[in-house]
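Subject: A structure for you to explore

Hi there,

Here is the structure I promised to pass on to you.

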Amino acid sequence: MKWNLSTDNDALLLPGMQQLYKILGIECAGDGVTVQAQKGDQLRVFEKDGTWHITYSRHVEFYRAAALALRCMQTGQSAEETARFESCGLMLDASRNAVPTVESVKDILRRMALMGLNLAMLYTEDTYEVPDQPYFGYLRGRYTFEELREIDDCAASLGIEAIPCVQTLAHLERVLQWPVMEKHKDANDVLLVGEKEPETYELIRTWLKAASAPFRSKRVHIGMDEAYWLGRGQYRNRYGFATTTELMRVHLEKVSAILHELGLEAMMWSDMHFSAARDEGVYHPEAELTKEILDGAPDDIGLVFWDYYHETNNAYDNMLKKHAQFRAPTIFAGGIWTWLGPAADYRKTMVTTLPALEECVRHGVKEVFATAWMDDGAECNPMAMLYGLQLFAEYCYCGKWDEEELAARFKITCEADAKAFLEMSRFNELPGEILQDQSTANFCKELLYEDPMLLMFEKDLTNNSEYVVYYEKLAAEFDTFAKENPRYAPMLNALSAMAKALVLRCRWREEAPKAVRAGNRAKAGELTALAKECADAVNEVRKAWRAQWDAVNKPFGFEVLDIRLGGVMARFETAAQRMQQYADGTLEELPEFMCEKLTYLKDKEGRAVCRNLWSSYVSACCVGKLV
């Protein structure tokens with residue numbers, strides 16, 4: 001389509017718009033549709049006397065309005081929208097092995113702008129460059145100053161505030177693993193803090209300076225979540241017992257002083273205040289915040305309440321009321337479920353997001369963002385979260401979402417079929433399996449990595465013939481999606497390859513144990529071929545995963561997935577060998593198949609229990625650290 005576009009502020013708006021023409025399929029031409037843009041009190045798109053008019057109240061709204069204008073031209077309708085949040089955007093995980101390339105981040109930012117989202121954070125634990133600290137982010141694909149500056153430049157041109165992220169207390173296992181950092185380690189992933197640890201605060205000062213230097217914004221996210229081992233390791237050995245409340249108060253005072261010195265304004269996760277109140281899980285609904293806890297929280301460090309789990313308004317209402325007791329403003333972080341494994345879970349994303357954002361509006365929360373975590377190795381493609389961003393954007397501007405309208409807008413902003421993203425959730429489901437209340441599952445990951453000889457989930461997942469049909473349909477469906485959505489073909493091909501491998505894996509689960517337990521050596525001999533087919537199919541998954549990784553991420557981190565999938569291939573090679581030995585009588589029995597199998601993925605009511613960590617179920621023996 002040709003546009004003859006004029007704006008009231010070319011210098012502000014056109015640099016960003018020039019990045020978006022290709023996505024929108026727009027060509028600038030004097031003989032095109034006349035489009036005029038000017039600043040107003042709200043976002044509006046309407047046609048009058050053959051001219052399309054855009055009004056916007058803030059920079060990023062111009063780009064959302066441009067995408068809306070295309071939709072309005074399709075329908076012949078006008079649009080009026082008012083943002084419900086001052087800031088709405090994304091925190092993208094860049095620390096769980098995958099570090100998205102600069103070009104990938106810029107592509108996401110451009111699509112965010114077309115959605116009207118104006119806040120972006122890269123979650124970086126150690127994946128940014130720190131002068132004179134060579135082990136910080138060593139061999140992890142850390143961003144350079146220049147790369148982060150390029151990202152910030154892109155964000156600024158689109159009206160998006162890019163905010164750096166620094167972990168200043170916990171989630172620092174990759175930093176603290178190196179011998180040179182041992183002296184700064186309390187226990188596990190937690191820094192050694194307190195009055196008598198000045199070197200820790202010199203480290204934090206250095207990190208804050210390095211992370212914030214490339215960015216225009218003076219805001220920074222300082223982490224501080226899930227520090228469950230705070231004061232329980234070297235601190236206790238050196239200084240004795242101290243309460244979480246007291247250690248958090250001292251630590252926050254010291255970090256706050258550094259922030260003031262550097263001229264930075266901070267936000268932090270709020271959960272440790274609630275853990276101090278009631279140490280029974282995260283954000284216990286009956287946690288009572290004491291005066292000591294409330295007084296120990298600085299009034300100028302925003303508190304980010306994160307909740308990706310609850311599906312009812314009451315849960316969010318309760319916790320937002322508790323947050324209102326603090327002097328600092330509340331910010332909300334929801335979740336786009338990219339951390340279950342290879343496939344994003346949009347069923348769970350949608351049932352948690354709507355009640356959360358409804359309550360945020362009702363409680364007057366001014367800033368919200370979606371998190372896209374990559375827990376346990378970043379098996380999910382980061383681009384899988386784009387539909388979730390559109391969900392957040394539509395609620396921000398419309399206060400609701402209509403699936404058909406959202407799909408039409410997503411087609412414009414992300415050049416993709418919404419169904420291709422929504423259907424990913426089916427990989428985390430299986431016919432006949434029931435989930436726990438407000439829970440999730442990731443059956444595809446469990447079946448992909450299940451050991452072919454031990455069959456740890458044999459008693460839990462029993463309908464293998466149904467699973468075969470289920471995954472055959474998914475494979476065909478995602479083959480089609482890949483052809484119809486070429487921009488996201490690497491991601492969709494990877495899901496199709498996994499479905500094809502799971503078809504063979506489920507055939508193996510059905511046939512191999514039966515043959516051995518029946519003493520059918522002839523059938524066991526035939527199954528050596530199926531084992532080799534399974535190994536080959538897993539290798540196709542590995543190659544497809546590598547292709548999607550290379551399309552969006554730096555190369556660092558993929559070695560972990562190579563190791564995991566290579567391990568599955570090796571185990572099928574072993575399975576083929578042992579089956580053949582059993583078939584020809586070299587082995588009298590295969591003890592692995594003869595063991596009584598116990599439940600592991602089900603609760604007492606037979607509902608699925610989600611096992612999210614690869615290391616927790618690939619073997620009954622120790623896979624990770626020896627303890």
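Below are my notes on what was found in it.

First, some ground rules. This is a predicted model, where local features need pLDDT of at least 70 and side-chain atom pairs count only at pLDDT 80 or more, while totals for chains, interfaces and linings use all residues. Residues are numbered from 1 along each chain as its sequence is written, and side-chain values use heavy atoms, with hydrogens and water left out.

**Two annotated regions**

UniProt, in an unreviewed entry, puts the feature "domain: Glycoside hydrolase family 20 catalytic" at residues 89-277. That span is 41% helix and 14% strand, and its end C-alpha atoms lie 30 Å apart. The unreviewed entry also places "domain: Glycoside Hydrolase 20C C-terminal" at residues 420-605. Here the span is 66% helix and 0% strand, with 33 Å between the end C-alpha atoms. UniProt positions are given in the numbering used here, feature names are shortened, and annotations may be inferred rather than shown by experiment. Helices (H or I, at least four residues) and strands (E, at least two) are DSSP runs, numbered from the N terminus.

**Helices H2 and H3**

Start with helix H2, residues 59-75. H2 has 17 residues and reaches 25 Å from its first C-alpha to its last, close to the 24 Å expected at 1.5 Å a residue. (The expected span is 1.5 Å times one less than the number of residues.) Of the 17 residues in H2, 15 are buried, so the helix is largely enclosed by the rest of the structure. Buried means under 20% relative accessible area, exposed means over 50%, and partly exposed is in between (1.4 Å probe, protein chains only). After H2 comes Gly-76, with a positive phi near 75°.

Helix H3 covers residues 102-115, and its 14 residues should span 20 Å at 1.5 Å a residue; its end C-alpha atoms are 20 Å apart, which agrees. H3 is mostly covered too, with 13 of its 14 residues buried. Gly-116 follows H3 and has a positive phi near 95°.

How do H2 and H3 pack, by angle and distance between their axes? The angle is about 80° and the axes are 6 Å apart. That makes H2 roughly perpendicular to H3. Val-60, Tyr-63, Arg-64 and Ala-67 of H2 make the contact with Ala-113, Leu-114 and Met-115 of H3. Axes are lines fitted to C-alpha atoms, for helices over the stretch in contact, and angles run from 0 to 180 degrees between N-to-C directions. Angles under 35 degrees count as roughly parallel, over 145 as roughly antiparallel, 65 to 115 as roughly perpendicular and the rest as oblique. Contact means heavy atoms within 4.5 Å.

H2 also packs against helix H13 (residues 386-398), at an angle of about 105° with the axes 13 Å apart. H2 and H13 are therefore roughly perpendicular to each other. Val-60, Glu-61 and Arg-64 of H2 meet Gln-390, Ala-393, Glu-394, Tyr-397 and Cys-398 of H13.

**The core**

Which residues have the most contacts inside the largest nonpolar core? They are Trp-207, Leu-389, Phe-421, Tyr-471 and Trp-508, in a core of 232 residues. Helix H18 (residues 489-517) gives the most to this core, with 16 residues. A nonpolar core is a set of buried Ala, Val, Leu, Ile, Met, Phe, Trp, Tyr and Cys residues joined through side-chain atoms within 4.5 Å. Leaving out residues up to four places away in sequence, Trp-207 touches several residues, including Tyr-128, Phe-136, Met-181 and Leu-191.

**Some single residues**

Most residues other than glycine have a negative phi, and most peptide bonds are trans. Asn-97 is not a glycine, yet its phi is positive, about 85°. Asn-97 sits in the loop between strand S7 (87-93) and H3, and is buried, with a relative accessible area of 19%. Leu-455 is not a glycine either and has a positive phi of about 45°. Look for Leu-455 in the loop between helix H16 (443-449) and helix H17 (464-484); at 0% relative accessibility, it counts as buried.

Finally, find Ile-258 in helix H8 (residues 244-262). Ile-258 counts as buried at 3% relative accessibility. Setting aside neighbours within four places in sequence, Ile-258 is in contact with Tyr-201, Ile-204, Arg-205 and Leu-208.

Enjoy exploring!
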